[in-house]
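Trainee: Please take me through one part of this model closely. I would like to look at the surroundings of the ligand.

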Amino acid sequence: MKVLIGVTGSISSYKTPDLIRKIRAKNIDVEIVLSRGAEKFVGKTSFEGLIGKKVYSDLWEDPMSHIHLERSCDLIVVCPTTAHFISKLNSGLADDLLSNIILAKKSKVLLIPSMNTNMWNNAAIRKNISDLKKRGFSFMDPEEGSLACGEEGLGRLPDLEMILYEILFHLSDKSFEKKSVLVTAGPTQEFIDDVRFFSNPSTGNMGFSFALNAWLKGADVTLIAGPGTPRSPEGIRRIDVTSSEEMKDSIEGSYDYGFFTAAVTDFSFRTRKEGKPSKDDWFKEDVYLKKSPDILETKYKICGKVIGFSVYSEDSSLNAAKKVFKKGADYVITNNSSNCFGKKDTDVEFFDASLSSTEFKNVDKMILAEKILNIIGDKND
Ligand SMILES: Cc1cc2nc3c(=O)[nH]c(=O)nc-3n(C[C@H](O)[C@H](O)[C@H](O)COP(=O)(O)O)c2cc1C
């Protein structure tokens, strides 16, 4: 997999080297082409040092680079894209290497604009963006916030992690296209008063990895996210919840697949007090617990295929899996409690309905999610 990264002369181009590091960390090769404007902001040497090979900018240096450079790439990403470059592309001007490459392109192009809010809202730029979209160019819109010029508004380069996901989206297979996927993620928090709660160490990374990978593969994803679940791309429909009751109530509709990864706190408090009663007040009375709703058991019927998750400690993984199958799961992933919460890598066992299992040892949760989605996708074709 290879991406051609174009950089144009925006103040936010100092962020592009960091984006390139993230892209390369996903084992994606890059070629880099700078516009004349970009060279005023970040020097070629910085980019060359980063990728250990030549970075291009001069149209005349290598006469056929405007054709050859792009042909081996799967995607062109221009990050950041200036107002000027957008306008140049729309009118077909080709006065530097990067604009020539895009005129002569065969691959898809993703433009990531960043500019002052008034530039972004300028009628000429709005029209050029709208025309380019009609011609098949993809855009990732800027974010709102404080801008380098000191003003506030729309125009900031999106968060680099979100840009990375957008790039991966353009590169991924779409084997889950037209499939709807529900994912529950993270812990739940059960409050005893307005400031104290009961929970568990889940970070939401497992659920996030499934939601993200299903989205990358083209699925229509709904993520029911407990507290702390990582930020997800705009393309994922997300409902943030706190308690197990809220999580249950927010799950509606019907889905082709349901990944019930959330570490739902098994019990909650029978009563909740207002405010922050003193410690002494709490010690004057007994505290009673009640069972939290079992989300998989109550909701499995709305999903065509149900993937249950279980964390066990004393039991065997097989017994842990059997319990989840009884609740209505079609597949079960078991985690030993000693190696799951808060870790990037995990050990899991994946069981199908015949109780045959596959072990994944020390596997990154992102890679695990992709592998499991591939297995489940193939089994249901
Ligand atoms: C300090 C400074 C910051 C700039 N930041 C931006 C920016 O964020 N977005 C933008 O569209 N143009 C910005 N510009 C204007 C572009 O650099 C200018 O339009 C240039 O011609 C772009 O050339 P290029 O598109 O070939 O890179 C900035 C200019 C200066 C001097």
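**The ligand shell**

Mentor: By class, the shell around the ligand holds six nonpolar, nine polar and one charged residues. Here Ala, Val, Leu, Ile, Met, Phe, Trp, Tyr, Cys and Pro count as nonpolar, Asp, Glu, Lys and Arg as charged, and the others, Gly among them, as polar. The model is predicted: local features need pLDDT of at least 70, side-chain atom pairs count only at pLDDT 80 or more, and totals for chains, interfaces and linings use all residues. Numbering runs from 1 along each chain as its sequence is written.

Of the 16 residues around the ligand, Thr-8, Gly-9, Ser-10, Gly-37 and Thr-82 come nearest. Helix H2 (36-39) and helix H5 (83-91) are the elements that give two or more residues to this shell. Helices (H or I, at least four residues) and strands (E, at least two) are DSSP runs, numbered from the N terminus.

Now the cores. The largest nonpolar core has 50 residues; Val-181, Val-183, Ala-211, Ala-214 and Val-221 touch the most other members. Its largest share, eight residues, comes from H10. A second, separate core of 41 residues includes Ile-5, Ala-38, Phe-85 and Leu-110. A nonpolar core is a set of buried Ala, Val, Leu, Ile, Met, Phe, Trp, Tyr and Cys residues joined through C-beta atoms within 7 Å. Buried means 20 or more other C-beta atoms within 10 Å of a residue's own, exposed 12 or fewer, partly exposed in between, with C-beta atoms placed from the backbone.

Asp-95 is exposed, because 11 other C-beta atoms lie within 10 Å.

Definitions and conventions:
Near = placed C-beta within 6 Å.
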